Amino acid sequence: MGALRIGLLYFTLQNKLKVMYILKICSSCGKQARIYAEFPCPHCGERAIVRCPHCRETTNTYRCGKCGKVGP
Ligand SMILES: [Zn+2]
Ligand SMILES: [Zn+2]
């Protein structure tokens, strides 16, 4: 569920283009991921669920921090 995204932030500093990675915490394994899939919780829709490619591929379960529902 959810397309994979790369968390990149572009900004200019002293006329130079800088790239910053945005690290997201995977809702399943708790590791920081540069590449992730993000989608709103299918149960409450209020909390964004983040999944790293590994957990997405292995369909690891996640727990919503808002409603506490566990889902694939
Ligand atoms: Zn993960
Ligand atoms: Zn939820």
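Visitor: Is Gln14 buried or exposed?

Guide: A residue is buried if 20 or more other C-beta atoms lie within 10 Å of its own, exposed if 12 or fewer, and partly exposed in between, with C-beta atoms placed from the backbone. Gln14 has 5 other C-beta atoms within 10 Å, so Gln14 is exposed. This is a predicted model, where local features need pLDDT of at least 70, side-chain atom pairs count only at pLDDT 80 or more, and totals for chains, interfaces and linings use all residues. Residues are numbered from 1 along each chain as its sequence is written, while chains are lettered from A and ligands numbered from 1 in the order in which they are written.

Visitor: Where does Gln14 lie?

Guide: Strands (E, at least two residues) and helices (H or I, at least four) are DSSP runs numbered from the N terminus. Gln14 is in the loop between β2 (8-13) and β3 (16-21), and its phi is positive, about 50°, although Gln14 is not a glycine. Asn15 lies in the loop between β2 and β3, with a positive phi near 65°.

Visitor: Which residues make up the largest nonpolar core?

Guide: A nonpolar core is a set of buried Ala, Val, Leu, Ile, Met, Phe, Trp, Tyr and Cys residues joined through C-beta atoms within 7 Å. The largest one here has ten residues, among them Cys26, Tyr36, Ile49 and Cys55.

Visitor: What does Cys55 touch?

Guide: Two residues are in contact if their C-beta atoms, placed from the backbone, lie within 7 Å. Leaving out residues up to four places away in sequence, Cys55 touches Cys26, Ser28, Cys29 and Asn60.
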